[in-house]
Amino acid sequence: MMQEAMAMDKGMSTATVAGPSMAQMPLTFMKTGETGTVVKVREKGDVLHHLAGAEVKVVSEQAGNFIVEVKGARVALNKQVAQRIITR
């Protein structure tokens, strides 16, 4: 909660999905073929917040850039964006 309040003070917004306590990690920690659930998106805008709660599968990774499958579509993400997507 404190982190969310600090993020709001800095003009950042967060989207969070409630659930059991499991290890959370940035999407960049996932390996090709792994599947996870998006629990939070840390970004300044509202562009990626619709991903909260979605299942995401890493299709490929090269040099920190990812191709993921989410909601039936394949999406390319650069490393900076992937680091802002928190999964479990």
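A residue is described here as buried when its relative accessible area is under 20%, as exposed when that area is over 50%, and as partly exposed in between, with a 1.4 Å probe and protein chains only. The model is predicted, so local features need pLDDT of at least 70 and side-chain atom pairs count only at pLDDT 80 or more, while totals for chains, interfaces and linings use all residues. Residues are numbered from 1 along each chain as its sequence is written, and side-chain values use heavy atoms, with hydrogens and water left out.

By these cut-offs R74 is exposed, because its relative accessible area is 59%, whereas E69 is partly exposed at 32%. R74 and E69 form a salt bridge in which the closest N and O atoms are 3.7 Å apart, the term requiring a side-chain nitrogen of Lys or Arg within 4 Å of a carboxyl oxygen of Asp or Glu. The count of salt bridges by this rule is 1.

Leaving aside neighbours within four places in sequence, L51 is in contact with V38, V70 and I85, where contact means heavy atoms within 4.5 Å.

I86, found in strand β7 (residues 85–87), is buried, because its relative accessible area is 8%.

Note on methods: Helix = DSSP H or I, 4+ residues; strand = E, 2+ residues; numbered from the N terminus.
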